Each structure stands twice: as C-alpha cells, then as structure tokens.
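This briefing covers a helix and some paired strands. Look at the structure below, then read the points that follow.

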Amino acid sequence: METIACPDCDLLQCLPPLPLGGKARCARCGTTVATQPRDPIGRPLALTLAAAIVFVLANTTPLMGLSAVGRHASTTIIGGSYDMWLQGERITAAIVAFCAVIAPGSYLLFMLTVLLAIRRPPAPAWVGELLRWADAMRPWSMKEVMLLGILVALIKIAELAKVEPGIGMYAVGALVLLLPAIMVTFDAREAWRRVAWASGGAPPASGARNATFPEATP
Amino acid sequence: MTAAALSAAQAGLLSCETCGLLARPITRTEPGHCPRCGAVLEWRRHHSIQFTWALVIAAAICYIPANVLPVLVTNAFGKPDPDTIISGVIFLYTSGSWPLALIVLIASVMVPLGKLAALAYLLISVQRGSATSNKERTRLYRLVELIGRWSMLDVFVDTFTVALVQLQPLMWVDPGPGVLFFAAVVVLTMIAAETFDPRLIWDAGAAPGESR
C-alpha cells in the first residue's frame, strides 16, 4: 500500500494493490491516479522504437502531391511550416513546426532515453529530468490534430486540383496510433521508482506500511 | 464527501507535481524541493488564479481578430479572395462535405469559445468560494485540458493549403493575418489550462486547516 495525494483534488488516499492491467481512480473526484500496465518498460520501449523510425519517415517523405494544369507540387511537414515562414507568418510557422515536429520528436527522444535508462535501476537522477521534459512535451505533440488538418486541406483542394497522398501520409497515420499506445502502456510511477533520488537519499523501503514521509530538501 | 476526507495540504504534506511523491515541507512558507526529482514544491500552483485570468483575457482579446481577419487569401486568375474561419466552414458546407464543415466548426469556433467560458466559470466559482458540484467542475477542467489541442486544427489546415497551392502565376494561396491570432488563442488557452490548479476547486469546502 502506498499513500498518495490525488493530483486533481489533493485527497490523501491509500493505493490498493492493483491487478495487472487495472487502474485506480481517486475516491473523491474520479481522476485516474494509478495504472498497472502489464509490461510498463518493455512494451512502451518497443512502441517508442517503432514510432521513432516511423517519425523519421513521416518527416522526410512527401506528405502529398498536387497536380493541376500540367504542374506538380508536393510538400513535407517541415515544408508546410517553411512555406508559412516564407509567406511572412513566422510566428505561426514556428508554432506549427513545434506542435507537428519538435514536440513529438523530442517526446520520442526523451522517452527512448528514459526507457533505455530505467531498464537497470537505479537510473541516474538526470533521467528524472528527461521524464519531466517528456511529460511537458505531451500536450504540445499534435500529430493527430495535424493529420485531420491535412485531410481537411486535401478535401478543400481536391475541388481545384488532383491530389494524391504520399508515403509520409501513411507514416503520420501510423504515428497517430503509436503515440497514444506509448502513453497507455507506460507507467510513470514505475519509472519514477527506478530513478535515483535527486537528494542522494535512499527511497524508503518499498512495501513498508505507514512509512514516514521524506522531508523536502532546501 | 465524507468527514474523513483529508487533503494532503490539510495533513501538512505536499505532493510533487512532477513525480507525485508525498513529502514533508521544510517550513510552511518555503516548502523546499522534492527529494526524489528535485522539482520546486508548492502547496498550489504559483499565482494560479491571476495567471489563468491574464491568459484567458488575452486569449479572449485575440479571439476577435482571429475571426474577423482573413486566415487565407486565394489568388486565382489575378483576383485575391480572402477567407475567414467562418467563410471557410461555409465553403466546406456548400461544397457538399458537411461532416467536415461540422468538424471544423466545432474545433475552430465552439471549442475555443467553450474553453474560454469554462475557464472563466472555473475561475469565478473558485474566487467566490463555491463548494458545490466540485466533482463536475473537476471533470469540466479535465475536459478543457483534453480537447484544447483540437482547436489547432484550422492552423494546420491553413498551413498545408498554403504549402500545396503554390501554382504561380495561375493560382496560389497566401496566409492571412488571422492565422497568427487564431494560433495565439489556442496556445494561450492551452497554457491557461496548465496554470489553473484544479485543487483550488476542492480547497473552498475544506476546513480552514489548509494553512496548517
């Protein structure tokens, strides 16, 4: 049993032992406070590796091509953002590049490093820092929004010209499935248990009941 | 809520926002850092109400030019034709793809407006010390966090339309100034959702022991 506070309502509660694949909800507000994935390191690691390969494909191959009146044009994800930059909308271009490439890319990179490092606990304290950054990137990684945006753009343009999807498009489709799969199979609480403490102190013996709470460091 | 419900703050404990560890503060005013991950410990997110209000108001101001200014300018046969977000939705509807028109309408018009209204409601109810329907308000907050990203849809639509339709000198599409304001609305409301501390919803009904 571990005592935790709900991140959404701060209620103190004891976590019961969870079955594999189970999850615990806060007794007061219903937020999911803990999950117990079957294989919290191996599965997300395999999925992250796959996603990293697909990510490279999605960013280097053309998303779609367009032919009209005997002329052909194609674009990649970065190409789309770069065109926006050239047209003078630089801030928008930066936001698009961040949400479509930089945030998902760094999320995958951080997760890959974290997952490799925590296979043999205790992982050094900088792994915790990366884990924090991966978490910060998560809301800004908008691959699925981008895919829907591309589809809407395609249908709008299809009125004017012939449009064909490229390899990049299928890669983005695969990423949209892989990214949430990583998040579901990963257990951040298990990862934190495997990271060495920043204070240098040792974590209290696991499973100890009514363990005293550690004191904050200055 | 039972009488036994005790928040970590009432028990004099802090839960780390980064790694979830429960820790004892060094002093009440300066709790210190999390011993496990090293993050700064705070009872509640720093100036949560003020920051969130500032971001919500800024986003509400940007929402006006985002809808009035054109987001795309189509140049075909030498005639520029500006499109706002709403006229883009109408174009999708009249060209026969009403499901897409509905998706864009929800993502670009209803989600940003709903987010602003929801955050304003949460802020006002917390400031007034409301202690009712806490569970529903927490759920509303989680919904705002979850769907906020989808309003970025129109920014992506515009970006890829501009990138593809560059068949100068016959026909090409330029971005309009509205895109920047629209992207600003999405980014500001997403940050606002992150600065709002949902635990404040639950502090109101609790005994004044929060300061213990």
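Helix 3 of chain A has a kink of about 45°, centred on Phe98(A). The bend at a residue is the angle between axes fitted to the seven residues ending there and the seven starting there. The model is predicted, so local features need pLDDT of at least 70 and side-chain atom pairs count only at pLDDT 80 or more, while totals for chains, interfaces and linings use all residues. Residues are numbered from 1 along each chain as its sequence is written, and chains are lettered from A and ligands numbered from 1 in the order in which they are written.

**Helix 3**
- Helix 3 of chain A covers residues 90-117, which is 28 residues; helices (H or I, at least four residues) and strands (E, at least two) are DSSP runs, numbered from the N terminus.
- From first C-alpha to last, helix 3 of chain A reaches 37 Å, close to the expected 40 Å; the expected span is 1.5 Å times one less than the number of residues.

**The open sheet**
- Three strands of chain A form an open antiparallel sheet in the order 6-5-7; two strands pair if DSSP finds at least two bridges between them.
- The edge strands, strand 6 (71-75) and strand 7 (162-165) of chain A, each pair on one side only.
- Strand 5 (residues 64-68) of chain A is joined to strand 7 of chain A by four bridges, and Met64(A) stands opposite Pro165(A).

**The hairpin**
- Strand 1 (residues 2-5) and strand 2 (residues 12-15) of chain A pair in the antiparallel sense over four bridges.
- Glu2(A) has Leu15(A) as its bridge partner.
- Six residues lie between these strands, and Asp10(A) takes a positive phi near 70° in this hairpin.
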